[in-house]
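Hi,

Here's the structure I said I'd pass on. Have a look at it first, and then read my notes below.

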Amino acid sequence: MTDIIKELEDRGYIEQMTNRDEIRELFQKESVCFYIGIDPTANSMHIGHFVALMVASRLQKAGHKPIILMGGGTAAIGDPTGRTDLRQMLTREELDRNVEAIKKQAERFVSFEGENAAIIVNNADWLLDLNYIEFMKDIGSKFTVAKMIAQECYKNRLETGLTFFEMGYLLLQSYDFLYLHDKYNCKLQIGGNDQWSNILGGVELIRKIGSEDSYGLTFKLLTTADGKKMGKTAKGALWLNPERTSPYEFYQYWRNIEDTEVRKVLNLLTFLPDEEIDRLASLKDERINEAKKIAAFEITKLIHGEEEAKKAESAANALFGNGGNTEDMPTTKLEDINISIIDAIVLAGIAPSKGQAKTLISQGGITLNEEKIDDISYRLCDNDFKDGYAILRKGKKVFHKFEK
RNA sequence: GGGUAGGUGGUCGAGUGGUUAAUGGCACCAGACUGUAAAUCUGGCGACGAGAGUCUACGAUGGUUCGAAUCCAUCCCUGCCCA
């Protein structure tokens with residue numbers, strides 16, 4: 001089998017491993033079952049999960065078997081790692097809905113057919129019925145408090161109030177690994193680097209119970225050059241669900257990344273061959289835009305499919321370059337075209353309130369059909385709909401089409 | 001259980017009776033410059049209203065006052081120290 005671990009390393013995915021050489025050898029020797037946990041705290045994944053899916057996908061392509069663990073049970077607690085406050089809790093129903101939505105998204109990355117078909121499990125299925133006394137006796141006794149609170153990730157919480165409830169998270173996640181290890185012969189847990197301590201917990205638990213064949217691997221988290229989490233937009237996170245973040249917006253996010261991020265993004269979020277990435281990432285100055293276009297297209301294709309990616313691309317070309325068309329722009333059909341420019345801006349979702357719409361106009365940030373609007377009380381009229389539509393633009397990059 | 005310090009806008013954090021929709025940093029939006037980049041500079045950043053202005057907001061609920069984020073009472077939550 002291919003040396004997939006080495007490949008992932010070369011590509012820059014891997015941050016830490018419990019035992020590099022053993023893992024590498026194992027993955028070349030046999031088809032390994034591994035798992036990745038995803039918390040269903042929202043009805044869509046965001047790009048924070050993207051790298052995880054890429055790694056899972058690559059491992060599966062190399063012949064290994066993925067388990068996608070939906071944290072339906074643990075999400076009820078909330079992972080305290082790195083958080084400064086107690087996470088908001090969700091009801092069972094909300095969680096179940098989220099699990100379904102996320103399943104669909106994961107299907108783009110891993111195959112559920114064939115010899116090493118992926119499976120999806122939900123830890124609510126085994127965690128919710130746990131008996132507390134037995135759990136504490138069998139699992140709780142394997143952890144020491146001193147070791148737990150010594151962990152960096154709990155340090156912050158220790159000062160601001162870490163509850164026992166949250167401490168239980170480590171035990172539960174560790175138990176998940178043990179459960180999957182016993183039931184599916186799952187040998188590796190992968191996760192973002194912030195999960196390192198939780199993953200180690202599972203590995204150690206399995207060791208203490210008596211098996212030596214469990215490993216952990218963490219991959220790099222997507223961050224910007226200044227160390228912040230990548231994927232924040234004006235509207236919050238960059239979601240993978242097209243209802244929450246349109247493919248066009250999604251495309252634009254990657255089209256507009258900083259020069260210094262190009263290589264990392266291509267490496268981690270596309271399947272392009274290394275040589276191609278090398279070529280693209282070394283383009284200088286203005287020419288690096290070519291690399292950004294390709295990155296945006298490839299990444300959008302992975303998440304939304306080729307058709308949507310093409311649409312987003314041609315919409316972008318229409319707006320920023322020559323040719324193309326306006327077909328794929330976010331569009332609103334107007335019942336009554338005689339509305340004020342302010343209402344139109346709010347209606348299009350370009351600004352969240354009328355006050356902000358006014359601010360935008362007075363600052364010269366609003367353009368209608370390539371003409372700057374400087375009159376707050378402007379109303380749309382027939383003349384604005386030359387070919388049956390009007391193009392409203394905010395700043396340089398945000399467009400919206402109105403059809404009559 | 002006792003003592004003590006706190007809970008402010010997306011976030012961090014000032015403010016301790018009126019000029020406070022609330023200083024400042026970060027984040028975010030727009031303008032200029034550019035390459036749909038970065039950096040920099042400028043403006044903006046609760047809602048409604050054309051505007052004067054009105055409403056909502058400083059943990060919760062009541063109260064004092066012409067007037068409260070600021071004072072009082074009760075409650076909820078959190079840190080720290082002691083048991």
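Predicted model: local features only at pLDDT ≥ 70, side-chain atom pairs only at ≥ 80, totals over all residues.

You'll find asparagine 369 in the loop between strand E10 (366-368) and strand E11 (371-372). Its phi is near 50°, a positive value in a residue other than glycine. Most residues other than glycine have a negative phi.

Aspartate 285 also has a positive phi, near 45°. This one sits in the loop that runs between helix H13 (274-281) and helix H14 (288-304).

Now the wider view. Chain A has 404 residues, and 36% of them count as buried. It contains 17 helices and 13 strands. Taking contacts between residues at least 6 apart in sequence, 71% join residues at least 24 apart.

One helix pair to look at is H9 (residues 164-184) with H10 (residues 196-209): they pack at about 55°, their axes 8 Å apart. That angle makes H9 oblique to H10, and the crossing is right-handed. On the H9 side the contact includes Leu170, Phe177 and His181, while H10 brings Gly201, Leu205 and Ile209, among others. By class, the contact has six nonpolar, six polar and one charged residues.

Cheers

Notes. Residues numbered from 1 in each chain as written. Chains lettered and ligands numbered in written order. Helix = DSSP H or I, 4+ residues; strand = E, 2+ residues; numbered from the N terminus. Buried ≥ 20, exposed ≤ 12 C-beta atoms within 10 Å, placed from the backbone. Contact = placed C-beta atoms within 7 Å. Axes fitted to C-alpha atoms, helices over the stretch in contact; angles between N-to-C directions. Parallel < 35°, antiparallel > 145°, perpendicular 65-115°, else oblique. Left-handed = near helix turned anticlockwise from the far one by under 90°. Nonpolar A, V, L, I, M, F, W, Y, C, P; charged D, E, K, R; others polar.
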